[in-house]
Amino acid sequence: MTLAAALSRSRDRQDVVCAGRATGERVRMGVYDVLHGTLPVGCTFFYRGGLDTAAVRDSLGRTLACYPPLTGRMERDLDGGIVVVCNDAGASFAEAYSELPMPDYGIGRSAKSDLRKYLHKINPFKVVGHNTPLLTVKITHMRGGGSVLGVTFNHSVIDLSGFMDFLENWSREHHGLPYQAPPYARDPLDGLGSLAAGAARERSEQYVALSRREKFRFLWRVNAGARRVRHLTVRFPGDEVRAIKAAAAAPLAGTEQWVSTGDALAAQVWKVMGQLRARTDDRAERLGMVVDIRSALRDVLPDGLGGNAVTNVTATLSAGELASAPLADVASTVRAVIRDVTERRLCEEIAFLADQRRAGRSGRVLSRMALDSFDGTVSLNNVGRFPVYRIDLGSGRPFWFEYPPIPIPWNIFITPVPEDDEGRDMHLSIPQDKAEVFCTPSWEARLHAHAPRQAL
């Protein structure tokens, strides 16, 4: 029997978990929130031990008391904006029993093709104005032991950073440990747009408003090409990550320059992806990176701001420069564009996005990084410091974490490793023809060029 067939015969029980109080607030989604539409995003955690469903459900309800938007419902305001009504309508909670044992997911055995069986399905076109939960939880108990926790959140309500904070706070609540409730009003962030000069509202370096036809053409290209994108996961153990950082940082010793571990790892994979793409030396190679803006705005925003607070930046080198430049130079290029995410730049970006919302164009705004994904941009989202493997709900830490496959080519998603040390797992979405080349030993050697050699 296949996994899909076994799970389809599982016994499901579904109800709603409420926080126990409704604040009645109407939280208007901010300019970064509406960029994601009403897209649901699922994260899946695999545990060797079985989860106590009743205890997990109870701790979820207590945690949700600090997150009113997650138990609310979406409505449209009179001016067309989207709000979350904090009416405590509740989060969906389901329990299922599989007839199959826990698969041995990990490097070499991805769970991506099975994720839809572990997650509650949400129709993104039936969220606003419908009684659709903005948070869903599904626990699947596997035959012989072990449980799968599948949690889906609405991306308009919270970004991945805030969602991981929620999960970690849930874990702390489950164990009776203290934590701080996050602020979730969008006004402090959206209000920064008023500080920008008028000219900044007319154009953004990172975002562009498309025509309806242009957006449809892009989405059609993504959907049509999804089957030709292959998803691979590559592990960089902690000692290799430290070696990559050392190789990038050593030439900068004695200068005022520095690079982070993330910069060095981004530079290494960017160089290898550039070689794999094999474009002519004069072609522009771009590395688009997702960047959390909370640190750049820490002087003007409350700590732990909820909602969406990420933007993107792009580093650019010619293909020839990317291939020939030392790792330290490429890492410095990465660091330079991240350093340019300043309060002033973000105020201008917010002003542009606010004007697009007032004009009713928010649904047609896309990042230039995404639009260039079929040409010169490698997109990278590094969540290597997120507490992915610290989500303990009573049965220990998960042995594996899985994020939905990204259908856009040349996309890199970096996560921690189960050991939760300095190692990193790199989830790659690359074209099928390039993936076949990339999986050969010679390309593996290029990717792991800085791996310490094992002693004989």
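Which strands and which helix each supply at least two residues of the lining of the second largest pocket?

**Entry 1: ground rules.** I'm working from a predicted model, where local features need pLDDT of at least 70, side-chain atom pairs count only at pLDDT 80 or more, and totals for chains, interfaces and linings use all residues. Residue numbers start from 1 along each chain as its sequence is written, and side-chain values use heavy atoms, with hydrogens and water left out.

**Entry 2: the pocket.** I looked up the lining and got strand 10 (229–236), strand 15 (400–402) and helix 14 (441–447), each with at least two residues in it. Helices (H or I, at least four residues) and strands (E, at least two) are DSSP runs, numbered from the N terminus. Strand 10 gives the most, with five residues. The second largest pocket holds about 430 Å³ of space. Of its 19 lining residues, G108, L232, T233, V234 and C439 are the closest to the centre. By class I noted seven nonpolar, seven polar and five charged residues. For the classes, Ala, Val, Leu, Ile, Met, Phe, Trp, Tyr, Cys and Pro count as nonpolar, Asp, Glu, Lys and Arg as charged, and the others, Gly among them, as polar.

For the terms, I used a 1 Å grid over the protein atoms alone: a cavity is a set of points where a 1.4 Å probe fits but cannot get out, a pocket is an open set with protein on both sides within 12 Å along at least five of seven lines, and lining residues have an atom within 4 Å of a point. Points are joined across faces, edges and corners, and a volume is the space filled by probe spheres set on them.

**Entry 3: the cavities.** Searching the whole structure for cavities of 30 Å³ or more, I found three. The largest cavity has a volume of about 70 Å³. Its lining includes K112, H231, L232, Y403 and F413. Strand 10, strand 16 (411–416) and strand 17 (424–431) each supply at least two lining residues, and strand 17 has the largest share, three residues. The class count there is seven nonpolar, four polar and one charged. The second largest cavity has about 50 Å³ of space, and R21, L64, P68 and D88 are among the residues that line it.

**Entry 4: strand 16.** I checked this strand next: six of its six residues are buried, so strand 16 is largely enclosed by the rest of the structure. Buried means under 20% relative accessible area, with exposed over 50% and partly exposed in between (1.4 Å probe, protein chains only). Strand 14 (residues 377–382) runs parallel to strand 16, joined by four bridges, and L380 stands opposite I412. Strand 17 pairs with strand 16 in the antiparallel sense over six bridges; there P416 stands opposite R424. Pairing takes at least two DSSP bridges between two strands.

**Entry 5: rings.** I searched the whole structure for aromatic pairs and got ten. One of them is Y67 with F166, edge-to-face at 4.9 Å centre to centre and 80 degrees between the planes. Y67 sits in the loop between helix 2 (53–64) and strand 4 (73–76), F166 in helix 4 (residues 160–174), 99 residues apart. Both are buried. Y67, F153, F163, F166 and W170 form one aromatic cluster. The rule is that rings of Phe, Tyr and Trp (its six-membered ring) pair if their centres lie within 6.5 Å; planes under 30 degrees apart count as stacked, over 60 as edge-to-face and the rest as tilted.

I also looked for charges over rings (NZ of Lys or CZ of Arg within 6 Å of the ring centre and within 35 degrees of the ring normal). The charged end of R48 sits over F399, 3.7 Å from the ring centre, and R277 lies over the face of W410 at 4.8 Å.
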